[in-house]
Amino acid sequence: MADVRHPHQIQVHPQHPRYEGGVKTLLPQRGPSATQVLAIVTLLPVGATLLGIAGLTLLGTIIGLCVATPVFLLFSPVLVPAALTVALAVTGFLTSGAFGLTGLSSLSWIVNYFKQGRTVTEQLDYTKRRMQERMADAAAQVGQKTKDVGQAIQSKAQEGKEGGRT
């Protein structure tokens with residue numbers, strides 16, 4: 001007999017391992033896998049480069065603002081250059097923040113990846129099992145629905161057969 005789950009049953013899949021504390025949680029118990037090494041090799045330089053670009057952009061924006069503001073205020077009778085300076089400064093600060101946030105989020109992703117301790121193949125196997133369970137549930141529901149419809153048709157046929165005799 002097939003394992004049929006009822007819709008009122010609840011399955012609990014814990015998402016977070018318990019905290020063991022210390023540096024042990026950052027480092028896996030076994031050596032790093034090839035996917036983990038590949039993740040470090042690709043994402044660490046990307047994160048560091050983005051953080052460096054964010055710093056350079058911030059520095060360039062501040063220097064440009066310091067140089068351009070007095071020049072525009074002293075030598076320009078029109079407010080358009082001042083508005084242009086403010087617009088460029090805001091653009092520089094936003095760009096710097098975006099690069100910094102992107103760099104920090106990629107470094108944070110690396111840390112979280114190692115905290116999970118699962119490899120890509122383990123994640124794929126877990127996803128495959130979940131999809132198989134859902135397909136089995138869907139097949140059971142379709143089978144039950146087909147059975148119900150068949151019984152309804154049979155009862156209508158019986159009613160029609162009995163109604164034709166009288």
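T61 is buried, with a relative accessible area of 12%; buried means under 20% relative accessible area, exposed over 50% and partly exposed in between, computed with a 1.4 Å probe on protein chains only. The place of T61 is in helix α1 of a predicted model, in which local features need pLDDT of at least 70, side-chain atom pairs count only at pLDDT 80 or more, and totals for chains, interfaces and linings use all residues. Residues are numbered from 1 along each chain as its sequence is written, and side-chain values use heavy atoms, with hydrogens and water left out.

**The chain as a whole**

- The protein chain contains three helices and zero strands; helices (H or I, at least four residues) and strands (E, at least two) are DSSP runs, numbered from the N terminus.
- Along the sequence, the pattern is α-α-α.
- Of the 166 residues of the protein chain, 11% count as buried.
- Among contacts with a separation of 6 or more, 83% join residues 24 or more positions apart; contact means heavy atoms within 4.5 Å.

**Helix α1**

- Helix α1 covers residues 34-75, which makes 42 residues.
- From first C-alpha to last, α1 reaches 61 Å, close to the 62 Å expected at 1.5 Å a residue; the expected span is 1.5 Å times one less than the number of residues in the helix.
- The buried residues of α1 are Q36, A39, G47, L50, A54 and T61.
- What covers these buried residues includes α2 (80-116).
- Leaving aside neighbours within four places in sequence, T61 is in contact with A89, G92 and F93.

**Helix α2**

- Helix α2 has 37 residues and reaches 53 Å from its first C-alpha to its last, close to the 54 Å expected at 1.5 Å a residue.
- Buried residues in α2 include P81, T85, A89, G92, S96 and G100.
- The buried residues of α2 also include G103, S106, I110, Y113 and F114.
- After α2 comes G117, whose phi is positive, near 75°.

**I110, a residue of α2**

- I110 has its place in helix α2.
- At 7% relative accessibility, I110 counts as buried.
- Not counting residues up to four places away in sequence, I110 touches I40, L43 and L44.
- I110 and A39 are 71 residues apart in sequence and 7.4 Å apart in space, C-alpha to C-alpha.

**How α1 and α2 are arranged**

- The axes of α1 and α2 come within 8 Å and cross at roughly 160°; axes are lines fitted to C-alpha atoms, for helices over the stretch in contact, and angles run from 0 to 180 degrees between N-to-C directions.
- α1 and α2 are therefore roughly antiparallel to each other; angles over 145 degrees count as roughly antiparallel, under 35 as roughly parallel, 65 to 115 as roughly perpendicular, and the rest as oblique.

**Spans listed in the UniProt record**

- Under "transmembrane region", the unreviewed UniProt entry lists residues 37-59, 71-90 and 96-114; positions follow the numbering used here, feature names are shortened, and annotations may be inferred rather than shown by experiment.
- In the model, residues 37-59 are 100% helix and 0% strand, with their end C-alpha atoms 33 Å apart.
- Residues 96-114 are 100% helix and 0% strand, and their end C-alpha atoms lie 28 Å apart.
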